[in-house]
Amino acid sequence: MKHIKVQRTFTRGIAEAEAFVYEKTELKASQNLLRDEFEIQDNLKFFEDAVNAVSEDLNELAEESAIFAGHLSIANDIALKEAVISKIKDEKQNAELALENTIQEFSAMMSAIDDAYMQERATDIEDVGARFMAALQGEEFGGLDHIQKEVIIIAEDLTPSDTSSMNFDYVKGFITEKGGVTSHVSIIARSLGLPALVGASTILENVQSGDTILFDAESGDIYINPEAQIRTQLLEKAEAEAVLKEQIAARVDLPVITEDGKKLKVYANVGSAEEIQHAMEYKINGVGLFRTEFLFMENKDFPSEEEQFEAYKSAVEALDNEIIIRTLDIGGDKELPYYEFEAEENPFLGWRAVRMCLEEIDVFKTQLRALLRAAVYGPIKIMIPMIISVEEVDQVNKIIDLCKAELRAEGVEYKADVPVGIMIETPAAVMIADKLAKVVDFFSIGTNDLTQYVLAVDRGNKRIEHLYDSFHPAVLRAINQVIKAANAEGIEVGMCGEFASDQNITEVLLGFGLDEYSMAASETPIIKEKIRNLNFVKAQELAEKVLASGTIKEVYDLLGME
Ligand code: PEP
Ligand code: MG
């Protein structure tokens, strides 16, 4: 048995299954030159068969994901096919060599274009090339769409294309060497409620496909070919958790009220209208953060007003309850395939989110118009990210007024009194929270960014990951200051960063006076249940003690944490 421990965890659950070590298929051709016309004809036929087999596979996959529809059009690309055929016929290269050379040429051509979208296409071409090569060599393509038995995926990293091709009936969890708690793969795992660990830096050298993996996503313990005693122990824990989960699930519909009668909101974070459908399984009562950037990132161009209107309208209609939609939060670590961002030395301190929207007015207006129109169909609230000043709020409000005036003049239906709030995720916003509270309708604290900016610790930098800790007294005092400012002005205050789902801090946040907690839908039942067992008066006493702490250790001790 081998044991590996990952320090930072972000999901819960225990999973046991066979390891599937996922390595992307390498494009390696046998290097032969063809001797005569017979061999040429044979190789043309091999290639034709490979194209047919790959197209058939991709046709099926394309029905489920747009990524594979793109791959299908590459597989059927005439220029690509002609290039391979000409290498076989004219240069007498065998099919594998002709394919390898063609894929390299096409991918190099795309990579050379200084454009993120084209460079992504280079990766897609290589992906399709790997499929062709597997078909030519009579091998199974090592993609994740072929998995037909229960496994735990072990990989260096997983891309959106990888996760979108997984069949979650079979994938019981995943462990990757790379990726942070706020990376794409982590967000997917949380939204699916799947046990997962990222940042397991030595996993690949310790695991082979077929090994039995048992891991506890909450504690970060990974056992490879576990001993009987460990198995019994963990599987008992898993069983107890499953029973508890069922009990909690049975109570999920009950109101979220503390023992002494304080009513709270526990909402979900989502990345798309479709995700709301999935989140509904957890009986969510509202959405505290709809990240609209995914709608922009998955598109080939800026989504039109109509496209956005449909997305927001279907989201609020599906939910039939309050939904806080955040305007475009792009830049920093998030790029758009069709838009060129100038390289910046410090992207997280750069041209991102509202800073971009206030300059790209047309992009911003298109989104605001779509939101104002969709709000006719249900209780939508608009939320602006990365605010640092009252001036920015004034500018945003002017643009919203302009959008309303235009819609009115055009005779288009819209809702006039949509609440507009802001994310509090910069130290500047914390320091002037009292002033901001006078000019907005609500706050939502974004602890993922707030922690990185208060502590000056890059949220994605593994080298300093141990310093990224929202339990730092500086972060806790900042959160308290914001909540107090909101309470004093009588506006609602929520939290939509990952910290909101950490059970260790639930009571303290209640004591500070937080009104709304928003997190991955799968986490909501447990936080609701936790709140039902808390007492507001006692929570305030605990909050006082926590605020008096000067070190992370003191905070951990007060909260009974290790
Ligand atoms: C945050 O910063 O806490 C947040 C919710 O926004 P994002 O993680 O999308 O930056
Ligand atoms: Mg943020």
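A: Domain bounds here come from an automatic or database domain assignment. That assignment divides the protein chain into domain 1 (2-19 + 144-248), domain 2 (37-137) and domain 3 (254-559).

Q: What conventions apply to the model?
A: This is a predicted model, in which local features need pLDDT of at least 70 and side-chain atom pairs count only at pLDDT 80 or more, while totals for chains, interfaces and linings use all residues. Residues are numbered from 1 along each chain as its sequence is written, chains are lettered from A and ligands numbered from 1 in the order in which they are written, and side-chain values use heavy atoms, with hydrogens and water left out.

Q: How far apart are the C-alpha centres of domain 1 and domain 2?
A: A distance of 33 Å separates the C-alpha centres of domain 1 and domain 2.

Q: On to the metal: which residues coordinate the magnesium ion (ligand 2)?
A: Glu-425 (OE) and Asp-449 (OD) coordinate the magnesium ion, at 2.1 to 2.2 Å. The pair ties together parts that are 24 residues apart in sequence, because Glu-425 lies in the loop between β12 (420-424) and α16 (427-431) and Asp-449 in helix α18 (residues 447-455). Donors are N, O and S atoms within 2.8 Å of the metal (3.2 Å for Na, K and Ca); water is not among the atoms, so sites may look incomplete. Helices (H or I, at least four residues) and strands (E, at least two) are DSSP runs, numbered from the N terminus.

Q: Are Glu-425 and Asp-449 buried or exposed?
A: Both Glu-425 and Asp-449 are buried. Buried means under 20% relative accessible area, exposed over 50%, and partly exposed in between (1.4 Å probe, protein chains only).

Q: And ligand 1: how many residues surround it?
A: Ligand 1 is surrounded by 13 residues, a residue being near if one of its heavy atoms lies within 4 Å. The closest are Arg-291, Arg-326, Gly-446, Asn-448 and Arg-459.

Q: Which element gives the most to that shell?
A: Helix α18 does, with three residues. Both β9 (287-291) and α18 supply at least two residues each.

Q: Which polar atoms lie by the oxygen atoms of ligand 1?
A: A polar side-chain atom of Arg-291 is 2.9 Å from an oxygen atom of ligand 1. For Arg-326, an N or O atom of the side chain lies 2.8 Å from an oxygen atom of the ligand. Thr-447 brings a polar backbone atom to 3.1 Å from an oxygen atom of ligand 1. The protein covers 98% of the 290 Å² of accessible area that ligand 1 has on its own (Shrake-Rupley method, 1.4 Å probe).

Q: Changing topic, where is Arg-352?
A: Arg-352 is in the loop between β10 (323-326) and α13 (354-357). This residue is buried, with a relative accessible area of 2%.

Q: What does its side chain contact?
A: The side chain of Arg-352 makes a polar contact of 3.2 Å with that of Asp-329 and another of 2.9 Å with that of Tyr-453. A polar contact is a pair of N or O atoms within 3.5 Å; within protein, one must be able to donate a hydrogen and the other to accept it, and residues adjacent in sequence count only if both atoms are side-chain atoms.

Q: Which backbone angle stands out at Met-386?
A: Phi of Met-386 is near 65°, a positive value in a residue other than glycine. Most residues other than glycine have a negative phi. Met-386 sits in the loop between β11 (380-384) and α15 and is buried, at 1% relative accessible area.
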